[in-house]
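Hi,

Here is the structure I said I'd pass on. Have a look first, and my notes follow below.

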Amino acid sequence: MKALVYNGPRDVKVETVADAEIERPTDVLVEITSTNICGSDLHMYEGRTSVEPGTVFGHENLGRVVEVGSAVDRIRVGDWVCVPFNVSCGFCKNCDQGFTSACLTVNPGQAGGAYGYAEMGPYRGGQAEYLRVPYGDFNCLRLPEDAEEKQDDYVMLADIFPTGYHATELACVQPGETVAVFGAGPVGLMAAYSAMLKGASKVMVVDRHPDRLRLAEQIGAIAIDDSKGSPAERIKELTKGQGADRGCECVGYQAHDPEGEEHPSMTMDELIEAVRPTARLGVVGVFVPEDPKARDRLSKKGRVAFNYGEAWHKGLAIGTGQCNVKAYNRRLRDLIEAGRAKPSFIVSHELPLGEAADAYERFDKRENGWTKVVLKPQMASSKKTDKAPGASAEKAHKKTAEQAGTRSGPR
């Protein structure tokens, strides 16, 4: 089968690899029809992880079931399913308590497994024609009858929609509150969107990429360009000097200033300054135990010297960690089916798998208009689609505004 293979930093290529197949009675085999390039994939693509050459990338996957193992009871051949990026068993202590991102079974010696990701177990990713899904009954989310036509919405359930929602859960966002989101990449936009769905009175999104800030505005958030001044001061101005009630960190350890210099603590420091005393923060931007290619000594060891003193002084609570996708994906699926959520507003490009290497390069460069790429392994090259960024966002916000009483554009 064809799959996207990592060969070294910024060197990925679609190659022929051994077919994915049923290996255990509890496995499910999925023909992949939609698979996203994730911002987390770029950490590996750039050579900032220990990922090994030969790894097949792809942890945001959707498709049709083509084969099931003999012990699979619930999932059937022909089902449309979305697969959480978490590989989990469903029966260990952590899974039993709902912490599927920290499964104790699937990655011996560590807590948590994922498809096609460094140190997250031996599981090939789904940027390929087929994907083996372990513990298929537990890990496959069966999709409704409209799955095929709404693939670009439902595939977001694999990671970024639940992860953005997770940020708002960690921050305990409540209706009527003000929310500051740092980072307008796909997860940051999903955090802003989730805050809107929850009834936040004002959502402020900090970034400096115009295309991403436009998408934030088009779902009713206030866009703040941090290259034009202090985002914390702007957030205070917008909240009558008090600071935001809740904050979401959706950038992580590769945060950098407008000149491109990395400062792993930058967004944490700004977020701590931007929220009111006793606020709560949800931190879902990726931070790693070690970063050998970091520029400073602390960061190489995975340590971030953020302003803990101010956080303590303000009495802030901080929630962190990978998303337990299964905690949210059914509810979010039902919002999509009912037409109350349309996360595909962030999709800028639908491309055949054969275009993946070029897509990685352009997404990594944050080229204007490249906000989210969905790869279609079954798509012929002549049918690739470049979506106009923002077009679907306007429709998504119109729906959200009708439901939540929000107003279009900055407030």
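Predicted model: local features only at pLDDT ≥ 70, side-chain atom pairs only at ≥ 80, totals over all residues.

**Strands, then helices**

Zooming out, S13 and S14 belong to an open sheet of six strands, paired in parallel and ordered S12-S11-S10-S13-S14-S15. The edges are taken by S12 (222–225) and S15 (317–320); each has a single partner strand, so one side of each has no neighbour in the sheet. On average, neighbouring strands here are turned by 20° against each other, if you ignore direction.

There is a helix to go with that sheet, too. H5 (residues 160–170) lies across S13, S14 and S15, and runs at about 145° to S14.

Now for a pair of helices. How do H8 and H9 cross? The axes of H8 (residues 231–238) and H9 (residues 266–274) come within 8 Å and cross at roughly 25°. Angles under 35 degrees count as roughly parallel, and H8 and H9 are therefore roughly parallel to each other. Their crossing is right-handed.

As for who touches whom, H8 brings Pro 231, Ala 232, Glu 233, Ile 235 and Lys 236 to the contact, while H9 brings Glu 270, Glu 273 and Ala 274. Sorted by class, that contact has four nonpolar and four charged residues, with no polar ones.

Happy to go through it together whenever you like.

Cheers

Methods: Residues numbered from 1 in each chain as written. Heavy atoms only, no water. Axes fitted to C-alpha atoms, helices over the stretch in contact; angles between N-to-C directions. Helix = DSSP H or I, 4+ residues; strand = E, 2+ residues; numbered from the N terminus. Parallel < 35°, antiparallel > 145°, perpendicular 65-115°, else oblique. Left-handed = near helix turned anticlockwise from the far one by under 90°. Contact = heavy atoms within 4.5 Å. Nonpolar A, V, L, I, M, F, W, Y, C, P; charged D, E, K, R; others polar. Pairing = 2+ DSSP bridges.
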